[in-house]
Amino acid sequence: MNKNIVNIKGTPYGLVFYFDAEQAGFGQICAALEEKLLHSGDFFINAEYIIDQPANFSGEELAIIEGILKKYHIRKGKNAPHLLENDEPTEMIYQTAGGNSLLVTKGIRSGQKLSVRGNAIVMGDINPGGEVIASGNVVVMGCCRGVLHAGAEGNENCYILVHQMQAQQLRIAGHVATVPNDAGLSPLKLAIVQNGNIVLTDYLSSQFKESLAIGEA
């Protein structure tokens, strides 16, 4: 099935669902939506959503789409005043009820601050002066040159995982650390709290659970 029939984007207003109503019939759209949500597992649970261009659907069709989303415990959000591609707010705040993970597909520019109640997963780069704050864990799949703060509500058991680590500063709960200049020479760095300090190591999947267990001790 064409994966482009349904696309999901994280925005300051919640998840935005984009449907290609020109290239696919309503039945195909529903099937693609079910398939995407089924494979997402619990990733979007309790997140709020907005449907882009709802005028493309009849009232009955919208009710069916909303029923599918409700089945996967995704909640209807308030309509955003605008959803422009060039809209870059200084502070982007995502409230995910219950502390769930939220995927952000764009990078964080200088001067922007992303606040997430839950885990923050950023697929792009974080530029110098950019900041990500999460009550849970922080995962960055790009290059981080900004500031990362995990466990912002005081949870010392949270971690930070970055693909290319050049961060200006790391924070976990109330602990603060700077990053050595050569830290980004190896990919995937893991930061956890051990003995009251933030410890930065290479990420090894075989040692990941062990490292977390030490951090919780």
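Leaving aside neighbours within four places in sequence, Leu 148 is in contact (heavy atoms within 4.5 Å) with Ile 126, Val 132, Val 138, Val 140, Ile 160, Val 162, Gln 169, Leu 170 and Arg 171. This is a predicted model, where local features need pLDDT of at least 70, side-chain atom pairs count only at pLDDT 80 or more, and totals for chains, interfaces and linings use all residues. Residues are numbered from 1 along each chain as its sequence is written, and side-chain values use heavy atoms, leaving out hydrogens and water.

**Nonpolar cores**

- A nonpolar core is a set of buried Ala, Val, Leu, Ile, Met, Phe, Trp, Tyr and Cys residues joined through side-chain atoms within 4.5 Å; buried means under 20% relative accessible area, with a 1.4 Å probe and protein chains only.
- The largest has 27 residues, and Leu 148 is one of those touching the most other members, along with Ile 126, Val 132, Val 138, Ile 160 and Leu 170.
- Another core, of 22 residues, lies apart from it and includes Phe 19, Phe 44, Ile 68 and Tyr 72.

**A helix pair**

- Helix α1 (residues 26-39) and helix α2 (residues 59-71), both DSSP runs of H or I with at least four residues, have axes that come within 10 Å and cross at roughly 10°.
- Those axes are lines fitted to C-alpha atoms over the stretch in contact, with angles from 0 to 180 degrees between N-to-C directions.
- So α1 is roughly parallel to α2, a label for angles under 35 degrees.

**Cysteines**

- The whole structure has 0 disulfides (pairs of cysteine sulfur atoms within 2.5 Å).

Definitions and conventions: Buried means under 20% relative accessible area, exposed over 50%, partly exposed in between (1.4 Å probe, protein chains only). Helices (H or I, at least four residues) and strands (E, at least two) are DSSP runs, numbered from the N terminus. Angles under 35 degrees count as roughly parallel, over 145 as roughly antiparallel, 65 to 115 as roughly perpendicular and the rest as oblique.
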